[in-house]
Amino acid sequence: MPIYKMEGKKNGLQRYRVRINYKDSAGKSRQTDRIAYGKEAAKELELQLNSTMKTFSAPRITLRQLYEEYITVKKYEVRENTIHTMQGRLEAYVIAVLGDYDIRDLNVAILQKWKQKTEESTNDKNPSKKISLTVKKNIYGEFRALLNYAVRMEYIPKNPLISIGNFKNPYEPKTEIRFYTPEDFKKFIRVSEQEAVHTENTTGNTYEWNFYVFFNIAYYTGMRKGEINALKWSDIDGNIIHVRRSITQKIKGGDRETPPKNKTSIRDLQMPLPLTKILSEHKKRHELITGFNDDFRICGGVRCLRNTTLERRNTYYSETAGLQHIRIHDFRHSHASLLANNGINIQEIARRLGHANVEITWNIYSHLYPREEERAINVLNKI
């Protein structure tokens, strides 16, 4: 059961190949190997695989054992918050129900019953409400990926989950994108500004301005919440924002600063004049704080704003302004919708949003290009 050092590194960690020899349930000699980055990760993976193979050589390997091995492998391949979300879905809706099953016993009939049970599952935070179709589709996707791993590892010959298909609801209407028009945003941000001015005038505290700045950045740049929370003054270069990091607040043990969601999320965004002015004024406020330096978070200072507090401000500002409430993520949609409705190329919108590919952007915002059909006809009419 050797560990081989290989050429190449990832995030500064040496690449290793972990090779395991074992006998399958039929007594046939087999061999499998996996890639790990870092010596400690390779040793941990070797122990996990060895334990799994011993179990496999015996009469059974449970879905829970497969899951534990899968998570051990995946945590070196994907972001920490992605693993956190994956574990939550699989443990609550898959392992809790089917964890003790031998994976070779998971046939279509058993999985169909699991699907029916999941259809009736309720939200942990709101037991009176069933989980949404989107959440059920995500659960199915994670479960399918888990069993696909078992196929790749030759634990099972094929993935039985594919036969029953994903969750569907023909009566559930397509979710419409919610966003603020420029006029809506002006009403929203005016309330935020008034609150910041009032708080500063009555108490001398300028902290409320952080929320005003946050929502301006969200609307003018389309950045993700975690990307805005992670921004430091060192990320500002004139009228350019360098998006280089993100913060996740849901993981146990406190905030986690990581790279953005994907490679294309590492980007430089040119700011419009209003936002440049807002940040310039806000920096002057921060410079008055004892210990100020360029590592201060733009929205918060020493510590970034809390997601729960941001949502409370979001709700209050919208209600006070007489607007529909939209999610913080919908400010990202507001930015994209503004650009799309003004004919900005979809490729540039994808770049500003940091999407992995333009197809993602097009699938979300293509309906905002109603003029394109008319333009196409006008071109053809001139031939």
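**From a helix face to the cores**

On the face of α6 turned away from its buried side sit the exposed residues K186, N201 and T202, where exposed means over 50% relative accessible area, buried under 20%, and partly exposed in between, with a 1.4 Å probe and protein chains only. This is a predicted model, in which local features need pLDDT of at least 70 and side-chain atom pairs count only at pLDDT 80 or more, whereas totals for chains, interfaces and linings use all residues. Residues are numbered from 1 along each chain as its sequence is written, and side-chain values use heavy atoms, with hydrogens and water left out.

Helix α6 covers residues 182–203 and, with 22 residues, reaches 31 Å from its first C-alpha to its last, close to the 32 Å expected at 1.5 Å a residue, the expected span being 1.5 Å times one less than the number of residues. Helices (H or I, at least four residues) and strands (E, at least two) are DSSP runs, numbered from the N terminus. The buried residues of α6 are D184, F185, F188, I189, V191, S192 and A196. Seen down the axis of α6, these buried residues fall within an arc of 140 degrees, so they line one face of the helix; the arc is that of the directions from the helix axis to the C-beta atoms. They pack against α7 (209–221), α10 and α11 (330–341), and just after α6, G204 takes a positive phi of about 85 degrees.

Within α10 (residues 307–321) lies S318, which counts as buried because its relative accessibility is 0%. Leaving aside residues up to four places away in sequence, S318 touches Y180, F188, L323, Q324 and H325, contact meaning heavy atoms within 4.5 Å.

Helix α2 (residues 63–74) is largely enclosed by the rest of the structure, because 9 of its 12 residues are buried; among them are L63, L66 and Y67.

The largest nonpolar core has 42 residues, and L63, L66 and F143 are those with the most contacts inside it. Such a core is a set of buried Ala, Val, Leu, Ile, Met, Phe, Trp, Tyr and Cys residues joined through side-chain atoms within 4.5 Å. Its largest share, 8 residues, comes from α5. Apart from this core lies another, of 37 residues, among them Y212, A218, V243 and L305.
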